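Please have a look at it before I go on.

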Amino acid sequence: MQLTINGDTFDLDVDPEMPLLWALRDIAGLKGTKFGCGVAACGACTVIIDGLAIRSCSIPVGAVTGEVRTIEGLAEGGRLHPVQQAWMDEQVPQCGYCQAGQIMNAVALLEEVPNPTDQDIDDAMAGNLCRCGTYPRIRAAIRRAAAMMPVPSGNGS
């Protein structure tokens with residue numbers, strides 16, 4: 001089967017029931033997406049599929065029909081994505097394990113809601129757990145990234 005991941009086409013010889021997470025990590029060699037709980041409860045494995053934040057541990061690779069974006073696909077031309085830059089500026093990571101999933105969920109939020117309220121942020125990020133408790137820094141980083149990201153034309157929110 002073929003998957004488009006971060007703009008590149010991958011031919012993957014895998015069982016269609018294999019979770020996308022393992023296809024990304026073990027077959028495509030993209031190790032940035034992390035395994036957390038394996039039951040879509042912690043968000044460490046979050047990727048973006050056609051603009052939606054999806055838990056890659058719980059979706060079979062054969063069910064993926066859109067383009068997959070992983071943490072490896074965010075930076076362009078040697079420049080960090082605004083969310084990645086904001087994460088560094090706000091010194092969000094501590095142990096760092098959940099951060100790839102947190103960042104991917106934040107990117108999906110900001111692409112859908114360019115100027116989120118605190119409630120928008122809390123609602124969108126509620127499914128991503130951080131055992132270090134960096135939630136205030138995560139919220140600050142999302143606000144900072146929102147100010148850095150260009151607002152798509154036609155989206156006045």
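Predicted model: local features only at pLDDT ≥ 70, side-chain atom pairs only at ≥ 80, totals over all residues.

If we set aside the neighbours within four places in sequence, the residues in contact with Arg55 are Ala40, Gly43, Cys45, Thr46, Asn105, Gly127 and Asn128.

One of those contacts, Asn105, takes us to helix H3, where it is among the buried residues. H3 is made of 14 residues and spans 20 Å from its first C-alpha to its last, which is close to the 20 Å expected at 1.5 Å a residue. Because 12 of those 14 residues are buried, the helix is largely enclosed by the rest of the structure. The buried residues are Gln99, Ala100, Gly101, Gln102, Ile103, Met104, Asn105, Ala106, Val107, Ala108, Leu109 and Leu110, and what covers them includes strands E3, E4 and E5 together with helices H2, H4 and H5.

That brings me to the nonpolar packing. In soluble globular proteins, nonpolar side chains tend to be buried together. Here the largest nonpolar core has 23 residues, and the members that touch the most others are Val83, Trp87, Ile103, Leu110 and Ile142. Two or more residues come from each of helices H2, H3, H4 and H5, with the largest share, eight residues, supplied by H3. To take Ile142 as an example, its contacts beyond four places in sequence are Trp87, Ala106, Leu109, Leu110, Pro116, Ile121 and Met125. There is also a second, separate core, with 15 residues, including Leu3, Leu12, Val14 and Ala23.

Let me return to charge, now for the residues that do find partners. Side chains of opposite charge can pair when their charged atoms come close. Across the whole structure, the search finds seven salt bridges, and I will pick out a few of them.

In the pair formed by Arg69 and Glu111, nitrogen and oxygen are 3.0 Å apart; Arg69 sits in strand E5 and Glu111 in helix H3, so to speak of sequence, the pair links distant parts of the chain, 42 residues apart. Both are partly exposed, Arg69 at 22% relative accessibility and Glu111 at 32%.

Asp118 and Arg139 form another salt bridge, with their closest N and O atoms 3.7 Å apart. Since Asp118 lies in helix H4 and Arg139 in helix H5, this pair ties together parts that are 21 residues apart in sequence. Asp118 and Arg139 also belong to one network, joined through shared partners, that takes in Asp122 and Arg143. As for accessibility, Asp118 is partly exposed at 34%, and Arg139 is partly exposed at 24%.

Finally, Lys31 pairs with Asp26, with 3.9 Å between the closest N and O atoms, and Lys31 is partly exposed, its relative accessible area being 43%.

Key
Residues numbered from 1 in each chain as written. Heavy atoms only, no water. Core = buried A, V, L, I, M, F, W, Y, C linked by side-chain atoms within 4.5 Å. Buried < 20%, exposed > 50% of the residue type's maximum accessible area, 1.4 Å probe, protein only. Helix = DSSP H or I, 4+ residues; strand = E, 2+ residues; numbered from the N terminus. Contact = heavy atoms within 4.5 Å. Expected span 1.5 Å × (residues − 1). Salt bridge = Lys/Arg side-chain N within 4 Å of Asp/Glu carboxyl O.
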